[in-house]
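Please read them with the structure open beside you.

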Amino acid sequence: MSGEPERQDRAKGRRIQSAEPERTESDQAELNKAESNRAELSKAGPEHVVPDLNLPADHLSSGGLPSSLPTEDGPEDPSEPLLVIPELTTMFPSSAPFLARFLPHVAPSVLGLNASFCNLHDFLRHLHDVGWYGYLHAFIGDQAAFVLVYEGRTVAAASISSTGEQALGELLHLYEQGAPLSAYPLPPHLAHILSGVGSRAWKFNLTEDFTGLHARPRGAIFYSRGEIVATMPATLPYEGAFPAPLRPQTLILPRSLAGWAHGQYGLTLRGKDALNAITSVHQSFRAQHGTLGLAFLRALADKLSPAEYAMRTDVALHDLEPLLQEFLRTGVAKEQLAG
C-alpha cells in the first residue's frame, strides 16, 4: 500500500515495507512515544553502562570511571611533574661521630663479615675492583668505626675518637680483634655528598653548584649541584655545611698499620736504567710491569712515598705493595733509612 509508513531496519541498514495494519491516531501516538524512548537508549552506544541506582556512588562500575572524566581536583598537567624529595632515616641516630650520624638506613649487602672468614685487605681489594659505593661499619663492645667507600676507594672515616686515616686504621684494628663488619650500599650521588663529612662543619653558603650536606638543628639537607636530593632528621647543635670535594681523595692507612707505604725508597743503578728508554733493561722492565710500573718507579725516583703517590694518582695502595716488593726483590729499588 503506497500510503503505509516505512520503518528503519537498524540491524541490516536498509528500508523495508511495513506489514503492520493501519493504526488509529491513539495507537500511532503510543507507537511514536515508544520509538522515541528506544531512540534515546540507542544513543548510549554498546559500551554505555546504566548504573544500579541502589549501589553507592563509588561502586557504579567495577572497571572504574573512564579516564577521560575529570576528577574533583581537575586534570593533571603533564608538563608539571610531581617532585618528591625523599626523607632518609639515619642508621645510627645516637652515634657521636658526625659521619655516622648522617649515614642513611639501607639494607646491608654484607652482614657480619669476620676475620676468620675473610682478610679485610682482600675484601677492600674486591670493593675497589668492582667500583663499589657505600659504607662499612665494624663494632665491638662500645667501640665502633665507620668508613665511607666511593668508587671502591676509602674516602672518609670516623670512630669514637678520630677521623680520617686514624679512623680507617681503627676499623682494621677492630676487625682484627674480632669485630663483625657489615657493608651497606649507597647510590653514587649520596656517597659523593657524604664524602665531605669530617670532624668540622663550615659556614653554609648555597651556590648554584653546591654539593654536600647542610646540617641544621632541625634536620639535614643533601645537596647535589645546587639541588636538594634528600633530607634527613639527623641534626647538629648548630648550623653548618660539609661541602663535598669535586673528586674525593683516597684515605691511606696510617704508618702504624702500613709503615711501608710511608717510607722513602731510592733507585739502584739498575732502577735508573729501567727509566732510560735506550737501555735493554728499560725494554724488559716495561714488558714486565707496564706503564703503571714505570710511573711508580719514576715517582720513587722523585722522592715520593708510595702513600703520596697513591693519593696523587688515585691508585689503590694494595696494588702498589706487591709492586714495591717486586722492585726490592729484583734490585731496581732499595729502602732508604731515615737520617
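1. Four strands make up an open antiparallel sheet, in the order S10-S9-S8-S11. Strands here are DSSP runs of E with at least two residues, helices are runs of H or I with at least four residues, and both are numbered from the N terminus. Two strands count as paired if DSSP finds at least two bridges between them. The edge strands, each pairing on one side only, are S10 (227-232) and S11 (240-243). From one strand to the next the twist averages 20°. Such angles are taken between N-to-C directions, from 0 to 180 degrees, with axes fitted as lines to C-alpha atoms, for helices over the stretch in contact.

2. Before going further, note that this is a predicted model, in which local features need pLDDT of at least 70 and side-chain atom pairs count only at pLDDT 80 or more, while totals for chains, interfaces and linings use all residues. Residues are numbered from 1 along each chain as its sequence is written, and side-chain values use heavy atoms, leaving out hydrogens and water.

3. Arg216 has Gly219 as its bridge partner in S9.

4. A second open sheet has five strands, in the order S3-S7-S4-S5-S6, again with antiparallel pairing. Its edge strands are S3 (110-113) and S6 (153-159), each pairing on one side only. Neighbouring strands of this sheet are turned by 20° against each other on average, direction ignored. Helix H4 (residues 165-176) packs on the sheet and touches S3, S4, S5 (143-150), S6 and S7. Contact means heavy atoms within 4.5 Å. The direction of H4 makes about 120° with that of S5.

5. Which residue of S7 is the bridge partner of His137? The partner is Ser182. The strands concerned, S4 (residues 134-140) and S7 (residues 181-185), pair in the antiparallel sense over five bridges.

6. In helix H8 (residues 306-313), the buried residues are Pro306, Ala307, Tyr309 and Ala310. Seen down the helix axis, these residues fall within an arc of 165°, so they line one face of H8. The arc is that of the directions from the helix axis to the C-beta atoms. Buried means under 20% relative accessible area, exposed over 50%, and partly exposed in between, with a 1.4 Å probe and protein chains only. The buried residues of H8 pack against strand S12 (264-267), helix H7 and helix H9 (317-330). Just after H8, Asp314 takes a positive phi of about 65°.

7. Leu320 lies in H9. Is Leu320 buried or exposed? Leu320 counts as buried because its relative accessible area is 0%. Leaving aside neighbours within four places in sequence, Leu320 is in contact with Trp260, Phe296, Pro306, Tyr309, Ala310 and Val315. The C-alpha atoms of Leu320 and Tyr309 are separated by 9.4 Å, and the two residues are eleven apart along the chain.

8. His289 is in helix H7 (residues 280-301). His289 counts as buried because its relative accessibility is 15%. Not counting residues up to four places away in sequence, His289 touches Leu323, Glu326 and Phe327.
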